[in-house]
Amino acid sequence: MPDYQLAAFCMAVYFRGLDGAETFALTDAMIRSGETIDLHAAIGRKVVDKHSTGGVGDKTSLAVGPIVAACGVPFGKMSGRGLGHTGGTLDKLESIPGFRIELTTEEFLQQVRDIGLAIIGQSANLVPADKLLYGLRDVTATVDNVSLIAASIMSKKIAAGADAIVLDVKVGDGAFMKTIEDARELAEMMLELGRHAGREVACVLTDMDQPLGHAVGNALEIRETIATLRGEGPADFTELVLSACAHLLAFSDLGVDEVSGRGRAASAIRDGSALAQYERWIEAQGGDPAEDVLPTAPVVRDVKAPTGGFVSAIGAVDVGTAALRLGAGRQTKDDDIDHAVGVLCLKKRGDAVDAGETIAQVHAQDKQAADRAADEVLAAYTFADEAPQATPIVLETIG
Ligand code: URA
């Protein structure tokens, strides 16, 4: 179809919406626009996958993959790049020297068979209709429609072939879905699409009102992933990772429930098998898993609290945008990523701070960029005299 007709179709859907049957039909047509993979048949076992709707500091798949594989469950995933202020798994992985995100489908399957884990870029022929539609939605202000988002995500997940899928639906300032009601609507639609295609699906609705963990920026997020696999990760990120692993292991052919799935995931961190699995995986895709080979930024600037009290909010979009402007993301489609730069939000919502205490760190290429980002990060923080009400990272589970 020519672009002008597709763009008109997107705009019509944006204003009039699609009902359930129409959303199924669109998803089905998108799946049939390219190749599909039968991971179950290729691996000979039940394969699990996870997907996030996109957030700031969201490196969840990078920790979940090695943990799930260390527990003996094959994990094969095709990931995407950053979009706007949100980061992409592939961009993060490319901060690892030598890491190859482009494997052939056969190499991908062989690696899942051999070491139980592969994360690669989406193969060119998997849902080509989404590539076209997504590009057009991006430039016609029609991204933000529940049916179009659900069809875009689920067509790729279904075509990529996992038996069971855990969907992390982000809610809040840094997410596409700003309210819990909108997130529920998207989650329920994606559940229906998955079930319709014979897949097991669970949705976790998770907080994206502040960046996830501390690190925002590619190599910084890889370091935080390694720390988390060592058992030294930030509390909110570790909790989200364990919760996603619990769902994935409960879906697997291990025959465990969520409680013991969570226990196995926690043991894989404690006994070092998750970290060993991470190293095997990175090496299998040509990368060097050592932390000291990751790029570092020449200028590191501390951001200090102007006043004492409690952190009451951290604008996720503002921090994501500050990191993007430092070079961690793309301002235009063809921009190169600077893997070294980014932001560490050392103090999170609810933390007590003293006046003058370091609340965040900016990692930049030069002083001017560091100064600008430090101002932007400080402006993203809000302080209060009293601690805000605690919000759990997992807000709700559906399915
Ligand atoms: N992620 C996708 O893959 N598609 C969307 O439409 C939104 C988020």
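Rings of Phe, Tyr and Trp (for Trp, its six-membered ring) are taken to pair if their centres lie within 6.5 Å, with planes under 30 degrees apart counted as stacked, over 60 as edge-to-face and the rest as tilted. The structure is a predicted model, in which local features need pLDDT of at least 70 and side-chain atom pairs count only at pLDDT 80 or more, while totals for chains, interfaces and linings use all residues. Residues are numbered from 1 along each chain as its sequence is written, and side-chain values use heavy atoms, with hydrogens and water left out.

**View A. Ring pairs link Phe99, Tyr278 and Trp281 into a cluster.** The structure holds four aromatic pairs. In one of these, the ring centres of Tyr14 and Phe15 lie 5.5 Å apart and the planes meet at 85°, so this pair is edge-to-face. Tyr14 is partly exposed, with a relative accessible area of 32%, whereas Phe15 is exposed at 64%; here buried means under 20% relative accessible area, exposed over 50%, and partly exposed in between, computed with a 1.4 Å probe on protein chains only. Tyr381 and Phe383 form a stacked pair, with 6.1 Å from centre to centre and 20° between the planes, and both Tyr381 and Phe383 are buried.

**View B. The charged end of Lys59 sits over the ring of Phe237.** The distance from this charged end to the ring centre is 5.2 Å, where a charge is said to sit over a ring if NZ of Lys or CZ of Arg is within 6 Å of the ring centre and within 35 degrees of the ring normal.

**View C. Strand E1, residues 48-52, pairs with strand E4, residues 164-171, in the parallel sense.** Helices (H or I, at least four residues) and strands (E, at least two) are DSSP runs numbered from the N terminus, and two strands pair if DSSP finds at least two bridges between them. E1 and E4 are joined over five bridges, and the partner of His51 in E4 is Leu167. In a regular strand the side chains alternate between the two faces of the sheet. Val48, Lys50 and Ser52 point one way from E1, Asp49 and His51 point the other way, and all are buried, so that five of the five residues of E1 are covered in this sense.

**View D. Cys245 is in no disulfide.** A disulfide is a pair of cysteine sulfur atoms within 2.5 Å, and by this rule the count comes to zero. The nearest cysteine sulfur to that of Cys245 belongs to Cys71, 6.9 Å away. Cys245 counts as buried at 0% relative accessibility, and Cys10 is likewise buried, with a relative accessible area of 0%.
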